[in-house]
Amino acid sequence: KGAANPKGYNPQADYESGHIPGAISIPLHLFDVSQENGIYPWTRPEDGNLLPPEKLKKVIESYGIKHDDTVVVYCGNKSYIGGAYRIAWALLYAGVKDVRYLNGDLAAWVENGGILETKFNHPRPVADFGVPVPAHPEYLATTKQVESMINDKNAVIADDRSWTEFSAKDKTGCYYEFFCVPGHVPNAVWVHDM
């Protein structure tokens, strides 16, 4: 807490320790609105939000991904699994037609006899993603849209934070200083252990 890119922080350390042959590393923060001093701590409401469409398109293109590619996303053994899910979601939102998530992540790959490599695979940028971004704007909810769903009996607002964050009356148990808001959106359902 309180450290902007702690000394020795390496967002690709897990990738460098071993990955599926041919895999490229996409650090989560590259898809997010960045701040001038690095990744952490987030200090503004826009920090951590998905990049605007044109910037997101450029980042995806820089990683060699086109809308009609098949992309398999997974999390390493020491990485934040939510970050991998967020990458998959961002790619779907942008318009990648076939995004898959490796069930069981890297650990399952190894347990099933998959080999690892440690060489760094450089992405081959593409000139054009192939479709306007976002191709699926419906995959992103705005605050205003969520507010309109609070009393909609056909909508489910799922909260995946820890129980202490979801149920807290104060900031005890919060993991993020800036985003720490005690309680939850009205009528939200806690889904962390489901």
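Biologist: In which helix does aspartate 105 lie?
Modeller: The model is a predicted one, and in it aspartate 105 has a phi near 60°, a positive value in a residue other than glycine. The element in which aspartate 105 lies is helix 4.

Biologist: Is aspartate 105 buried or exposed?
Modeller: The cut-off for a buried residue is a relative accessible area under 20%. Because its relative accessible area is 11%, aspartate 105 counts as buried.

Biologist: Is asparagine 187 buried or exposed?
Modeller: Asparagine 187, which is not a glycine, also has a positive phi, of about 70°, and lies in the loop between helix 6 and strand 4. Exposed residues are those over 50% relative accessible area. Because its relative accessibility is 54%, asparagine 187 counts as exposed.

Biologist: What is the handedness of the crossover from strand 1 to strand 2?
Modeller: Strand 1 and strand 2 run parallel and are joined by 4 bridges, with valine 71 opposite valine 99. Between these strands the chain passes through helix 3, residues 81-94, and this β-α-β crossover is right-handed.

Biologist: Which element gives the largest share of the largest nonpolar core?
Modeller: This core has 23 residues, and Phe31, Leu56 and Leu91 are among those that touch the most other members. Helix 2, strand 1 and helix 3 each give two or more residues to the core. The largest share, 7 residues, comes from helix 3.

Terms used
Residues are numbered from 1 along each chain as its sequence is written. This is a predicted model: local features need pLDDT of at least 70, side-chain atom pairs count only at pLDDT 80 or more; totals for chains, interfaces and linings use all residues. Side-chain values use heavy atoms; hydrogens and water are left out. Two strands pair if DSSP finds at least two bridges between them. A crossover is right-handed if, with the strands pointing away from the viewer, the path from the first strand over the helix to the second runs clockwise. A nonpolar core is a set of buried Ala, Val, Leu, Ile, Met, Phe, Trp, Tyr and Cys residues joined through side-chain atoms within 4.5 Å. Buried means under 20% relative accessible area, exposed over 50%, partly exposed in between (1.4 Å probe, protein chains only).
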